[in-house]
Amino acid sequence: MKTVSENACFGGTQGVYTHASEVCDCDMTFGLFLPEEARAGPVPVLWYLSGLTCTHENAMVKAGAQAWAAEAGIALVFPDTSPRGDSVANDEAYDLGQGAGFYVNATENPWAPHFQMWDYVTTELPAIIGEMGCDLDRQAITGHSMGGHGALTIAMAHPGRFKSVSAFAPICNPTQSDWGRKQLTAYLGDDESTWARHDATTQMAQVGLDAPLLVDTGTNDQFIDLLKPETFAAAVALRRQQAVLRLQPGYDHSYFFVSTFMPDHIAFHAEALG
């Protein structure tokens, strides 16, 4: 583990760390905010999964989450969105390859040797932050866009792990969207039966979620046709799932949108985390 930086932040510490990842077979970087309460013992933790083109840094700098997390006494984890490095496969398009891991375990070449983001976020990184002051018995998860897709699918695949789940403008139905079919084909192959666990709409209809859920999407989101919030809403209704799904008038896909509703999401998770 290498400490890249540590800065005082709202009474706590915002750190950035690099480590050799066994599952991704390369160095990975993540951000971790620990509130002041972490000096006395483990604190509850909220995962923030970022979207396409992002690194660990985008939400850490732009989302405005630390102030609200400090007030609630909650740690924040900001993983990267993909493996990186000269030996890691990439693509010229912004929505495939480095910066676009889609939170899956790739089975197809050239992606399979490094793009194991599902295992990284669900197994390897939790073990690390559990040794750094985070209480793994009190976890919540959120994310934006591709990260919202990851938050929803990971939560539904791990019943009992997360006390609450939220998302900002998530990709809701990737098996039926251009933001999904391209990436799932590249990473997982042509057999669409292997895609289902990575589609929040499909998973909601089939297995549901055992935690309270909050989702915000802007009505002026320039990518709303790719996000397909209406399909997810239909699955929530079919499942009779406990959920608050909100369309926010005038908001787009940017971090201005995320930072506007971040206080609501932190408060939502703080209540569930106790």
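Me: In this predicted model, is strand 2, residues 12–21, mostly covered or mostly open?

Reply: A residue counts as buried when its relative accessible area is under 20%. By that cut-off, eight of the 10 residues of strand 2 are buried, and the strand is mostly covered.

Me: Which way do strand 1 and strand 2 pair, and over how many bridges?

Reply: Two strands are taken as a pair when there are at least two bridges between them. Strand 1, residues 2–9, runs antiparallel to strand 2, and seven bridges join them.

Me: What lies between strand 1 and strand 2?

Reply: The two strands make a hairpin, with two residues between them. Phe 10 sits in that turn and has a positive phi of about 50°.

Me: How does strand 2 pair with strand 3?

Reply: Strand 3 covers residues 26–34, and its pairing with strand 2 is antiparallel, over nine bridges. Two places to look are Gly 15, whose bridge partner in strand 3 is Leu 32, and Gln 14, which stands opposite Phe 33. This hairpin has four residues between its strands, and Asp 25 takes a positive phi near 55°.

Me: How many residues of strand 3 are buried?

Reply: Eight of the nine are buried, which leaves strand 3 mostly covered.

Me: Which residue of strand 5 stands opposite Leu 32?

Reply: Val 77 does. The pairing of strand 3 with strand 5 is antiparallel and has four bridges. Leu 32 is also the bridge partner of Gly 15.

Me: Now the helix. Which residues of helix 2 are buried?

Reply: In helix 2, residues 65–72, the buried ones include Ala 65, Gln 66, Ala 69 and Ala 70.

Me: What do the buried residues of helix 2 pack against?

Reply: They pack against strand 1, strand 2 and strand 3, and also against helix 1 (57–62), strand 5 (75–79) and helix 9 (255–273).

Me: Which residue follows helix 2?

Reply: Gly 73 follows, with a positive phi near 75°.

Note on methods
Residues numbered from 1 in each chain as written. Predicted model: local features only at pLDDT ≥ 70, side-chain atom pairs only at ≥ 80, totals over all residues. Heavy atoms only, no water. Buried < 20%, exposed > 50% of the residue type's maximum accessible area, 1.4 Å probe, protein only. Contact = heavy atoms within 4.5 Å.
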